[in-house]
Amino acid sequence: MSRIVGIDLGTTNSLVAHVDAAGIPRVISDAEGRRLLPSVVAYTPAGIVVGEAARRQLARNPARTIYSVKRFMGRGGEDVREEARHVPFEIVPSDEVVRIRVGDREVTPPEVSAQILRTLKQQAEAHFGEPVDKAVITVPAYFNDAQRQATKDASRIAGLEALRIVNEPTAASLAYGLQKLAQGLIAVYDLGGGTFDISILRVKDGVFEVLATNGNTHLGGDDFDRAVVGWLLADIKAVHGEDLSSDPEAVQELRLGAEAAKCRLSSEERTTLLIPFERFTYRREITRAELERLIAPLVDQTLGPCRLALKDAELTPDQVDEIVLVGGSTRVPLVRRRVEELFGKTPHSQLNPDEVVALGAAVQAHILAGGIRDMLLLDVTPLSLGIETLGGIVSVLISRNTTIPTMAKEYFTTSVDGQTAVDMHVLQGERELAKDNRSLARFDLSGIDPMPAGMPKIEVTFLIDADGMLQVQAREQRTGKAASIEVKPTYGLSEAQVAQMVEDSFTHAEADVNARLLIETRTEAETVLNHVRRALAQGGHLVSAEERSLITEALDALRGVEGGSDRDAIRERTIELNRATESLAQLMMDTALREAVTSRRADDLLKRP
Amino acid sequence: MPNYFEVFGLPRKLSLELQELQRRFYDLSRRHHPDFHQTADALAQAASLEASALVNRAYRTLRDPLARVEYVVALEEGREVREETSAKPKPPVDLLAEMLEVQEALQEAKSEGLTAEAAERLRTERDRLEARRRAEETAVTEAAAEWDSAVDRGADRQPLVDRFKQRLAARAYLRTVIDDLSQALGEDAETHVAHRRH
């Protein structure tokens with residue numbers, strides 16, 4: 001069997017990993033040695049840019065730069081109305097699959113994700129020096145069928161066969177289990193950029209048996225940042241009298257600043273945020289306590305799912321032997337504290353929480369390839385599966401937390417003489433009424449021989465496979481004839497649409513590697529040019545006239561080559577411009593800090609009686 | 001298709017050594033799980049998927065003492081078992097009288113709102129019904145030995161089947177009423193659903 005890689009397709013960052021010849025899972029880094037690929041895709045006029053380069057130009061090109069696309073996977077226009085208000089790119093109103101407008105074209109979330117997957121695929125191919133076309137891809141455990149399908153579609157569009165869709169917390173447990181770091185009853189608490197999962201497993205004799213899982217596919221570090229940004233916007237309004245909330249570029253600057261500050265506050269008690277805007281430089285000291293006050297309600301939202309998972313596993317918190325932390329957001333001290341309080345023991349995270357899911361995906365890939373025979377993963381379906389019956393009530397066919405693969409049979413008949421078709425509505429969720437659950441698809445069973453009402457007996461088999469995805473088969477019992485089923489996914493792409501996208505991805509074969517590198521270099525140059533222009537406008541007076549003219553010279557030099565195709569020239573001029581502005585940047589930072597200190601002293605003086 | 005006891009190579013008895021069941025479950029999973037048949041042809045892959053699904057369902061049913069009894073009853077009657085439906089079961093005759101009071105309390109809470117007094121009353125009723133439900137469950141599981149000996153002796157099992165059915169029906173009904181009470185008390189819908197699990 002050819003090489004299979006493991007991919008963690010994350011909300012914030014994505015990674016690709018493999019198991020090396022010595023049987024050790026390893027992250028595959030890119031040409032520059034970076035292990036994490038930011039899950040950001042920019043649709044620039046010059047072409048598509050993915051990763052760090054796309055992230056860096058986010059604040060300058062917010063309408064065409066898509067981030068956190070995972071939050072839109074497998075969802076309908078109606079579901080994401082609230083989410084859409086918080087992103088700077090345009091979500092096209094629709095009843096069906098979400099579409100994002102970038103310039104004059106519309107893309108779907110699976111297509112955007114496919115760009116990320118393709119970049120990872122190329123990264124792996126560059127590493128192995130051979131084609132890679134098979135992967136194990138992870139998804140949040142609490143992803144429903146439509147979200148899993150969207151991930152599979154993305155993979156297909158990227159030219160990768162998704163051999164298995166694995167749940168992120170389970171993948172993490174495999175990585176821990178491989179190194180014998182976790183045994184017994186394990187709780188995996190996985191808080192990422194946009195999703196939260198809790199999974200309870202029994203790890204015994206090489207069998208990783210998931211007992212229960214729960215979560216929230218719209219809760220993560222993104223939400224922490226959003227809470228901080230809201231607070232910063234209010235603060236800016238109060239201090240500078242400016243409302244930046246409808247300025248997408250400013251909001252993105254603040255979002256990136258908030259994210260960086262949040263990360264620093266995991267190891268420091270206080271940090272200073274410094275953001276130069278056109279008319280003023282905003283600075284604000286944030287303490288860990290302030291951050292915790294803002295995010296506490298969000299962190300607390302993870303505890304309910306934890307209790308429900310424990311309840312479904314028929315366990316009390318103290319029976320859990322070990323708690324494993326996964327996902328970048330578990331670096332936040334408040335998160336660790338809350339988890340520790342709930343389970344009454346210290347959680348651990350020996351393996352890098354950003355990488356452990358990808359490593360686990362690589363382990364699962366190795367199992368599928370036959371490289372590991374003594375480890376077996378038994379996962380569950382996170383949500384109950386049912387069909388709508390009379391009165392809009394759901395009849396459950398497969399309960400949540402059932403070990404997969406699993407199947408259930410249901411019998412249907414006709415209600416009118418001569419009826420040749422029956423339709424059914426399949427849903428996922430825990431509520432009694434169909435309208436409160438997630439509609440997965442409507443199935444049309446047709447080709448039933450005309451018979452008196454109630455005579456046909458159509459056996460429908462609902463099978464959830466090892467990917468946690470539904471397959472449906474139908475057979476008329478009397479005739480033994482397979483009934484044909486037409487599936488109308490409620491929030492997914494049709495088979496024809498995916499096939500078209502796969503084809504498009506060949507015809508619009510993306511720019512070759514060189515063109516891609518050129519776009520990235522140009523993007524980087526634009527970012528630097530922009531920063532320098534701003535710095536000169538605000539802090540030009542801080543440096544001597546000679547230095548100013550040196551900077552302007554370097555600026556013009558870069559501007560001269562930036563639009564061209566000589567990548568080395570652009571890169572060199574960018575480096576030179578960066579070097580020319582080093583002391584200006586330093587001076588601006590010092591001044592800002594000094595002002596911050598002075599103004600605080602002034603505050604203190606004023607407060608005194 | 002083999003029945004769940006046959007899947008595990010076990011006699012159709014209710015007393016089960018759970019550790020042993022788990023051991024057999026792991027063994028069968030290692031044999032059939034699709035992960036180990038990824039390189040096989042399409043037909044073999046489909047077979048592994050089906051076998052694995054059967055093993056998983058069989059384990060889920062047999063490891064739970066009450067689901068095990070329900071399954072045995074269904075087997076004896078030659079019908080297929082399925083997951084719980086949300087269709088409300090009818091109250092068993094012997095429970096009818098005492099349910100009147102509960103229904104009254106529920107009605108009152110509905111029409112007059114959930115006062116502290118009404119909530120207290122609902123909670124008391126719920127506790128009482130929970131106790132009653134547990135009693136039904138215990139009665140069912142305690143009859144396991146009786147059943148097994150009937151199997152060994154080759155005795156008529158119908159009276160036992162009837163008794164199991166009666167108790168299981170009472171339990172199913174009690175669960176829905178307990179759910180209704182929890183709902184009337186305004187408790188978390190998610191937690192409320194969790195009650196319905198075996």
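Two strands pair if DSSP finds at least two bridges between them. Keep that in mind as we go through this structure, which is a predicted model.

Start with a clear case in chain A. Strand S16 covers residues 270–276, and strand S17 covers residues 281–287. How many bridges join S16(A) to S17(A)? There are 7, and the two strands run antiparallel. Pick out one bridge to see it on screen: Thr271(A) has Ile286(A) in S17(A) as its partner. Between S16(A) and S17(A) sit 4 residues, and the two strands form a hairpin. One background point while we are on strands. In a regular strand, side chains alternate between the two faces of the sheet.

Now to the sheets. I have two, both in chain A.

Take the one with strands S8, S9 and S10. This is an open sheet of 3 strands, in the order S8-S9-S10, with antiparallel pairing. Which strands are at the edges? They are S8 (90–92) and S10 (105–107) of chain A, and each pairs on one side only. From one strand to the next, the twist averages 40 degrees. Look at S8(A) beside S9(A), residues 99–102: they pair in the antiparallel sense over 3 bridges. To find the spot, go to Glu90(A), which stands opposite Arg101(A) in S9(A).

The other sheet is also open, with 3 strands in the order S24-S27-S28 (chain A). Its pairing is antiparallel too. The edge strands here are S24 (406–412) and S28 (470–476) of chain A, each pairing on one side only. Ignoring direction, neighbouring strands of this sheet are turned by 20 degrees against each other on average. S24(A) pairs with S27(A), residues 458–464, over 7 bridges in the antiparallel sense. In that pairing, Thr406(A) stands opposite Ile464(A) in S27(A).

Next, helices. Look at H6, residues 221–240, and H8, residues 288–300, both of chain A. How do H6(A) and H8(A) pack? Their angle is about 130 degrees, and their axes are 9 Å apart. Who meets whom? From H6(A) come Asp223(A), Phe224(A), Ala227(A), Val228(A) and Trp231(A). They meet Leu291(A), Leu294(A), Ile295(A) and Leu298(A) in H8(A).

On to the nonpolar cores. The largest has 162 residues. Which of its residues touch the most other members? Val5(A), Ile7(A), Ala175(A) and Ala361(A) do. Helix H11 of chain A, residues 356–368, gives the most to this core, with 10 residues. Now zoom in on Val5(A). Leave out residues up to four places away in sequence, and Val5(A) touches Val16(A), Ala17(A), His18(A), Ala124(A), Val132(A), Ala135(A), Ala362(A) and Ala365(A). A second core is separate and has 18 residues, including Phe25(B), Val55(B), Val72(B) and Leu160(B).

That brings us to chain B. What does its secondary structure come to? It has 9 helices and 0 strands. Read along the sequence, the pattern is α-α-α-α-α-α-α-α-α. The chain has 198 residues, and buried residues make up 26% of them. Finally, take contacts in chain B between residues at least 6 apart in sequence: 66% of these join residues at least 24 apart.

Conventions. Residues are numbered from 1 along each chain as its sequence is written. Chains are lettered from A and ligands numbered from 1 in the order in which they are written. This is a predicted model: local features need pLDDT of at least 70, side-chain atom pairs count only at pLDDT 80 or more; totals for chains, interfaces and linings use all residues. Axes are lines fitted to C-alpha atoms, for helices over the stretch in contact, and angles run from 0 to 180 degrees between N-to-C directions. A nonpolar core is a set of buried Ala, Val, Leu, Ile, Met, Phe, Trp, Tyr and Cys residues joined through C-beta atoms within 7 Å. A residue is buried if 20 or more other C-beta atoms lie within 10 Å of its own, exposed if 12 or fewer, and partly exposed in between; C-beta atoms are placed from the backbone. Two residues are in contact if their C-beta atoms, placed from the backbone, lie within 7 Å.
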